[in-house]
Amino acid sequence: MPRILLQLSSIFVFLIYSCDKSDTENNRAEMSLELIEAADQISDTSKTHRKYLLKADSIIKILPTDSLSLKLEFKVASRFYNTNLMEDFLKSSERAVKKSIELKDSLNLAKSYLFIGDYYSKGLIIDKAYNYYFKSEQIYRKLKDSENTSALLLNRAVLHLNESDYVGAEKATINALKFLRGSNNSELKYNAFNLLGIINQNLGETETSLSSHNSALNIAKKQLSEESPFLKFTSLNNIGFVLQKNKRNTEAKKFFLKILAFPNLEIDARELYLSVIFNLANTDSELGNYINSEKLLLKNLNEHKSSDDKLGMLAASLALSEIYDIMKNVSLAKKYASDSKSLANSIKSPQFNVKALKQLIKVDRANASKYAEEYIRISDSLQVAERRIRNKLARIEYETDELIVEKNSLIEQRKSIIYITLALLTIGAFVFIIRIQMAKNRELILIQQQQKANEEIYELMLSQQSKMEAVRQTEKRNIARELHDGVLGKLFGTRLNLGLLNEKNTEKAAEERVQFIEELKKIEQEIREISHDLSQEKAAVVNNFVLVLNDYFEKQKLIASASITLDITDNIKWQEIDNLTKINLYRIVQECLQNINKHAQATEAHFNITQLENQLHLQVIDNGIGFNANKEKKGIGLKNIDLRVKQSKASMEIYSEKNRGTTFLFKFPLTSYA
């Protein structure tokens, strides 16, 4: 009893521990979610916001792998990205990859690859970004997710665009639009047309570019005006930019001023506002309004400084250097050109470094040769790098396509193997069925042959019995004739004489009576002989089957190469043995003798039939070459014998060795009678 209580206590403790563990994990998940939600309530730039996210991340790390922890990984990763905590964003995204693989979650694996691609894209590590975007896209394609596939194609198009691979960018964007046919995702369609407009502008296809931007503008006005009201202003800004690049500055300026007329644009859409005033400044510069252009660019530069946006600061500095060069303010032109070069170095952008050097060559004559050398070196290396990146992107796509082709080829090969295997199995099954059917047919034919043979034996026995019956009837007639003509006549004469002698009492009469008594003895002997003949006839009738066997053996002795003998004991009650046993016994004897003649190469063969209690024994012994009864395959003869043994519910024993003869022993049960 104490042992049972101890076991129950252990189970109870385990259950409490399991519940506590489960509750702890749930509490941790809830705590991490609360920390993320608390961070959302605080400004992205505050230290507390970052502290909450890092604390939530530390909890998520130790959670077990399940769908909830994976969902939390994506939540905290998105916040890291928005807060520009890129290294933490990468680590969380990589954990999401591992968890997705462990959970066999293809959809979230594609999302994880997309996040890592965003990390490398933001860090301008183009080849890695392209590789992860491509991995994500292939999974979405496999899942037949057309919208996410098109989104990944657009991301790849942006990478091509950043590497000045405008043809590759155009191809990816057009493919994205193909995937969006029939889709209701207006935002993706807007992004595709907007990107296509930018690409065509860089390709010098002005009208095509304007057409694409107008398509994007129509989508923004008709389908996205409520949820994204500023997208139409983005399209207007892009149209103005294309016009400005094509020296249609007056038209362009109208678009920019139309956008700036929207109230609170500077607060509600700050990045768009800064882009518009930058484009307007360049347009004013082209129109000769240098003072207004300078004012707008200085405002743009200060706004970017306040948010530490180095790329925006670099673009504004370059534009200011150009303005001051036009305004013949050499010192400021040099200053802003030098600032732009420093900023280009800090963000490690060779493209902007080349632009800054080009501007320095123009405004700093004293150091122009030094800047020119650096310009040529960076420009050449940039061209080589751009070419290498383009080739690498093409190689990634080619190798992936090759892998897809190879995979499809392997799938086809596997299908072919499966089809061939199924065909072989089907053929094998048909062959097996046919062979079984043939075996059944052979067995049926064999049974029919055996039935026919049984009928023949039965007819033979009937024929023999008919002959014996005819002989018996003849003998009966002979005996009747003997009795009538001989015994009865003598008996009548003797009876008559004895009747006459009864009237005499002389010595002579006594002697005559003695003679007649002797005559009666002779008649008695004659009757005994007739009775003996009748007994022999009965034995002949009983021994009908024995006569059949003897007759068969007499015929076989004439043709057999071996010396054969048949011994049948007298104690066998053949009249009590059923016909099926007799028929099968006869056939087994026949088959054994046939095998001895064909295969045994024996000089002697002995057949012994005896009855022991309730069993009939048949023993067949030969001095032939013998065989291995355990190993060798049974021939038709042995199979026939085996079948007849089973029919009679008998048993068969075989004793044989190579070159040492063979002995068969058959035991038939005698439980039923004819």
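Start by selecting glutamate 137 and arginine 141 in helix H6 (residues 126-142): they sit four residues apart, so about one helical turn separates them. Keep in mind that you are looking at a predicted model. Show both side chains and you will find a salt bridge between glutamate 137 and arginine 141, with the closest N and O atoms 2.7 Å apart. Glutamate 137 is buried, at a relative accessible area of 1%, whereas arginine 141 is partly exposed at 33%.

Next, jump to helix H21 (residues 544-559) and pick glutamate 554 and lysine 557, which are three residues apart and again separated by about one helical turn. These two form a salt bridge as well, and here the closest N and O atoms are 3.5 Å apart.

Select arginine 95 and glutamate 73, whose side chains meet in a salt bridge at 2.8 Å, N to O. This pair links distant parts of the chain, with arginine 95 in helix H4 (residues 86-102) and glutamate 73 in helix H3 (residues 67-82), 22 residues apart. Glutamate 73 is buried, with a relative accessible area of 0%, and arginine 95 is buried too, at 17% relative accessibility. Across the whole structure, a search finds 17 salt bridges. Side chains of opposite charge can pair when their charged atoms come close.

Time to visit a sheet. Switch to a cartoon view and look for the open sheet of five strands, ordered E1-E2-E3-E5-E4 with mixed pairing. Which strands stand at the edges? They are strand E1 (563-568) and strand E4 (651-656); each has a single partner strand, so one side of each is left without a neighbour in the sheet. Neighbouring strands of this sheet are turned by 10° against each other on average, direction ignored.

Zoom in on strand E3 (residues 615-622) and strand E5 (residues 662-669), which run antiparallel and are joined by eight bridges.

Helix H22 (residues 579-600) lies across E1, E2, E3 and E5, running at about 10° to E3. H21, the helix of glutamate 554 and lysine 557, lies across E1 and strand E2 (604-612), running at about 170° to E1.

How values were computed:
Residues numbered from 1 in each chain as written. Predicted model: local features only at pLDDT ≥ 70, side-chain atom pairs only at ≥ 80, totals over all residues. Heavy atoms only, no water. Salt bridge = Lys/Arg side-chain N within 4 Å of Asp/Glu carboxyl O. Helix = DSSP H or I, 4+ residues; strand = E, 2+ residues; numbered from the N terminus. Buried < 20%, exposed > 50% of the residue type's maximum accessible area, 1.4 Å probe, protein only. Pairing = 2+ DSSP bridges. Axes fitted to C-alpha atoms, helices over the stretch in contact; angles between N-to-C directions. Contact = heavy atoms within 4.5 Å.
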